[in-house]
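Thanks for coming. Please have the sequence and the model open.

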Amino acid sequence: MAIFLLQSCAISPTKMLYSIFEPSDTLVNCDIYLSDYEYLEKINKREYINYEFKAGDTIAEIGAGNLFFSLANMCFVDSLTFYVQDLSLVCLSETESQKGKEHFTKLRGLGPLKGCIHIVQGDTNRSNLPYNTFDKVILRLVYHEFKNPEQNLQDIWQILKPDGILYVGENVQKKKNKTIKCGIERTEPNLIREIENVGFKLQKISSVSNSKHFKIYKFTKNDHD
Ligand SMILES: C[S@@+](CC[C@H](N)C(=O)[O-])C[C@H]1O[C@@H](n2cnc3c(N)ncnc32)[C@H](O)[C@@H]1O
């Protein structure tokens, strides 16, 4: 079977097909045109509800890769404002956002999605997102790609509102020194320690069913949720 090498990770074509629905490590797939709404509802129940989005939230999705996460979540919660950010805008454009909104509107069948998407290009150590703006920042499978996580976290601290929440969806290793699988760089205590060292406080850990390594870590800037 042919193997594709993406950012030093070997990924089989089968995994490429399904990776958009499974937390994968380094794959970025531009295809957002899922056609099974029931499946999307399952993904929502399994993973997305853990991000606790509510109407009116302003959300930064850092290292988004494509528009799937923002559009999918807009199907379940009205009036979300997403800043969809990445180093690469290969899969991110106003045209794709418009086409994607039309696709998900049709798929959901409940009228136009209410919410908006802004696209932002980041730099390695800086998000280029506005300060003191976000209710929630989402890092889904991107933390392990940060070259200088401390600098990224300091930037995230500044873009969050004082009562803002950081959600880190990441694969973690069970045991230290185990052979490192692509994209699984840290143990859970190491991941939490690095993020708390910048000042964040861990509030909750959510496991995502069907996934051995992937968990969602919720952090606030204060002691209280
Ligand atoms: C494995 S993909 C995850 C994509 C998406 N979040 C998901 O869950 O499917 C990692 C993404 O992070 C982006 N990335 C890596 N370093 C970044 C940084 N410093 N700032 C913003 N994005 C970054 C990459 O370009 C890539 O699109």
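Let us begin with β6 and strand β7, residues 160-171, which pair in the parallel sense over 6 bridges. Strands here are DSSP runs of E with at least two residues, helices are runs of H or I with at least four, and both are numbered from the N terminus. Two strands pair if DSSP finds at least two bridges between them. Within this pairing, Lys 136 stands opposite Ile 165 in β7.

Two remarks on the source. This is a predicted model, in which local features need pLDDT of at least 70 and side-chain atom pairs count only at pLDDT 80 or more, while totals for chains, interfaces and linings use all residues. Residues are numbered from 1 along each chain as its sequence is written.

Back to β6. How many of its 7 residues are buried? The count is 6, and the strand is mostly covered. A residue is buried if 20 or more other C-beta atoms lie within 10 Å of its own, exposed if 12 or fewer, and partly exposed in between, with C-beta atoms placed from the backbone. β6 also pairs with β3, in the parallel sense, over 4 bridges. There, Ile 138 of β6 is the bridge partner of Glu 61. β3 in turn pairs with β4, again in the parallel sense, over 5 bridges. In that pair, Ile 59 stands opposite Phe 82 in β4.

Now the sheet as a whole. It is an open sheet of 7 strands with mixed pairing, in the order β5-β4-β3-β6-β7-β9-β8. Its edge strands are β5 and β8, the latter at 201-207, and each of them pairs on one side only. On average, neighbouring strands of this sheet are turned by 20 degrees against each other, direction ignored. The protein chain contains 6 helices and 9 strands. Of its 225 residues, 34% are buried.

Next, helix α3. It is largely enclosed by the rest of the structure, because 7 of its 9 residues are buried. The buried ones are Phe 68, Phe 69, Ser 70, Leu 71, Ala 72, Asn 73 and Met 74. What do they pack against? Among their partners are the strands β3 (58-62), β4 (80-86), β5 (115-121) and β6 (134-140), and also the helices α2 (37-46) and α4 (94-108).

The axes of α3 and α4 come within 10 Å and cross at roughly 35 degrees. Axes are lines fitted to C-alpha atoms, for helices over the stretch in contact, and angles run from 0 to 180 degrees between N-to-C directions. On the α3 side, Leu 71, Met 74 and Cys 75 meet Gly 100, Lys 101, Phe 104 and Arg 108 of α4. These residues divide into 4 nonpolar, 1 polar and 2 charged. Ala, Val, Leu, Ile, Met, Phe, Trp, Tyr, Cys and Pro count as nonpolar, Asp, Glu, Lys and Arg as charged, and the others, Gly among them, as polar.

Why does Phe 69 count as buried? Because 23 other C-beta atoms lie within 10 Å. Leaving aside neighbours within four places in sequence, Phe 69 is in contact with Glu 61, Ala 64 and Arg 140. Contact means that the two C-beta atoms, placed from the backbone, lie within 7 Å. The C-alpha atom of Phe 69 is separated by 8.9 Å from that of Ile 32, which is 37 residues away along the chain.

The ligand is surrounded by 18 residues, and the closest are Gly 63, Gly 65, Arg 140, Val 142 and Glu 145. A residue is near a molecule if its C-beta atom, placed from the backbone, lies within 6 Å of it. The shell divides into 7 nonpolar, 7 polar and 4 charged residues.

Finally, two loop residues. Ser 79 sits in the loop between α3 and β4. Its phi is near 55 degrees, a positive value in a residue other than glycine. Ser 79 is partly exposed, because 13 other C-beta atoms lie within 10 Å. Asn 132 is in the loop between β5 and β6. Asn 132 is not a glycine either, yet it has a positive phi of about 50 degrees. With 10 C-beta neighbours inside 10 Å, Asn 132 counts as exposed.
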